[in-house]
Amino acid sequence: MRSIQLILLSLLMSLSAAAQNVWNTEYARISQSIVAPVFKSKKYVITKFGASPSATASVNQKSINEAIRKCNGAGGGKVVVPKGVWHTGAIRLLSNVNLVIEKDATLFFDFDPKLYPLVRTRYEGTECMNYSPLIYAYQEKNIAVTGEGTIDGNGSMETWWGLLFKKSKYGHESLAEWNLNATPIEQRIAGDDGNLRPQTLNIVKCENALIEGVTLIRSPFWVIHPLLCKNLTVRGVTVDNHAPNGDGCDPESCDGVLIENCHFNTGDDCIAIKSGRNADGLRVNIPSQNIIVRNCRMTDGHGGVVLGSEISGGCRNIFVTDCEMDSPNLDRVIRIKSNPCRGGITDGVYVRNVRVGQCKESVLKINLDY
């Protein structure tokens, strides 16, 4: 019996040493490899392009996007949203532009689908053409949304959230059909007469991105959704959003993501790492990998850090460290969820130094038939 105990003790010590070696090598490598972009100091204040707190959303939308185009065309810099409440529609980020929302400034997104043109994105892991996210970028490099201001998605049952219950031509059933039948993406038009809500901040196929300092509230749907991106930093962000399906930050098929010093208080998962759904995810087959979550605080939510359920491309090298998760309304701390339709491999998930106060259901939950 004593020899068996010694063998078990030796095995546990070996496993512990191996895990520590991963933190000393892989975690350190990933941490050093993620570098936030820097920008030229030249400022483009939106008021100089016609924006005004008293203007309509369409006027401000045109002014803000014009400032971004001007900044991009001149080689980059900072597009500044000063103090005040600025009604607007969809904003499109371009390369080398830092959208700075200053202290006491609020970008307020009006509920008018005409202000949100169709763009290419994913909705819960399925590719489609949907209403533009409130802030959107596609195939850009060196972009940022920073500052001490607020992004107000204007979500409520009277606005975006109510679409969830609207009878429409296109919805979740359409997504499942398109995914199963490999319908060409250009034919998956969800936004014209659909009930699929836009994300607050969605950057797609971008490199070198920074989201820092801002507060995001009342999102129509997911809040921060990096998709197929490389080298992303999310730092010092506050998400206070109890929307239906109101995930805080969902890196999907991304490589090199650092989420640090953030506070998530959500009506769904605080952080959910994803990589595509079913046939779409298997076809693209790009994992989420090399992701660090550190020094974050999670209060309400379905899960603190969740892997899945749209995880068909797999995920690997996920590190969670030095976080605090504490709320009677936080269902789980760490969760892995998938099902036999998804495929994909989840491998290399490392968690340490997570302080758990209260959670409703479990510290660790694994669902294999979600």
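## Contacts and overall build

Take the contacts between residues at least 6 apart in sequence: 74% of them join residues at least 24 apart. Keep in mind that you're looking at a predicted model. Its secondary structure comes to 4 helices and 29 strands. The radius of gyration is 21 Å, close to the 21 Å that the globule rule gives for 370 residues, so the protein is as compact as a globular protein of that length.

If you follow the C-alpha trace along its principal axes, it spans about 80 × 45 × 35 Å. Of the 370 residues, 56% count as buried. The protein exposes about 15400 Å², and carbon and sulfur atoms supply 52% of that area.

## The nonpolar core

Now look inside. The largest nonpolar core has 73 residues, and Ile 259 and Phe 264 touch the most other members. Helix H2 (residues 57-73) gives the most to this core, with 5 residues.

Who sits around Ile 259? Setting aside neighbours within four places in sequence, Ile 259 is in contact with residues including Val 234, Cys 249, Pro 251, Phe 264 and Ile 271. Arg 294 is also on that contact list, and this arginine turns up again below.

## Salt bridges

Side chains of opposite charge can pair when their charged atoms come close. How many salt bridges does a search of the whole structure find? The count is 21.

One of them joins Arg 294 to Glu 260, with the closest N and O atoms 2.9 Å apart. Arg 294 lies in strand E21 (residues 288-294) and Glu 260 in strand E18 (residues 255-260), so the pair ties together parts that are 34 residues apart in sequence. Both Arg 294 and Glu 260 are buried. Another bridge links Glu 310 with Lys 274, and here the closest N and O atoms are 2.5 Å apart. Glu 310 is in the loop between E23 and E24, while Lys 274 is in the loop between strand E20 (271-273) and helix H4 (278-284), so this pair ties together parts that are 36 residues apart in sequence. Glu 310 and Lys 274 are both buried as well.

Then there's Asp 152 with Arg 218, whose closest N and O atoms are 3.0 Å apart. Asp 152 lies in strand E11 (residues 150-152) and Arg 218 in the loop between strand E14 (215-217) and strand E15 (224-227), so the pair ties together parts that are 66 residues apart in sequence. Asp 152 is buried, with a relative accessible area of 9%, whereas Arg 218 counts as partly exposed at 30%. Salt bridges can also link up into a network, and the members of one here include Arg 120, Glu 127, Glu 252 and Asp 280.

A cis peptide bond joins Gly 308 and Ser 309, with omega at about 0°. Ser 309 lies in the loop between strand E23 (301-307) and strand E24 (315-321).

Asp 104 isn't a glycine, yet its phi is positive, near 70°. Asp 104 sits in the loop between strand E5 (97-101) and strand E6 (105-109), and it is exposed, with a relative accessible area of 51%. Asn 208 also has a positive phi, about 65°, without being a glycine. This asparagine lies in strand E13 (residues 207-212) and is partly exposed, at 23%.

## A nonpolar patch outside

Which residues form a nonpolar patch on the surface? They are Val 356, Val 363, Leu 364, Ile 366 and Leu 368, with about 460 Å² of accessible area together. Strand E29 (residues 362-367) supplies the largest share, 3 residues. Leu 368 lies in the segment after E29 and is exposed, with a relative accessible area of 64%.

Methods: Residues are numbered from 1 along each chain as its sequence is written. Side-chain values use heavy atoms; hydrogens and water are left out. Patches are made of residues with over 30% relative accessible area and no salt bridge: like charges are joined within 9 Å, nonpolar side chains (Val, Leu, Ile, Met, Phe, Trp, Tyr) within 5 Å. Accessible areas come from the Shrake-Rupley method with a 1.4 Å probe; for residues, only the protein chains shown count as cover. A salt bridge is a side-chain nitrogen of Lys or Arg within 4 Å of a carboxyl oxygen of Asp or Glu. Helices (H or I, at least four residues) and strands (E, at least two) are DSSP runs, numbered from the N terminus. Buried means under 20% relative accessible area, exposed over 50%, partly exposed in between (1.4 Å probe, protein chains only). A nonpolar core is a set of buried Ala, Val, Leu, Ile, Met, Phe, Trp, Tyr and Cys residues joined through side-chain atoms within 4.5 Å. Contact means heavy atoms within 4.5 Å. The radius of gyration is taken over C-alpha atoms; the globule rule is 2.2 Å times the number of residues to the power 0.38.
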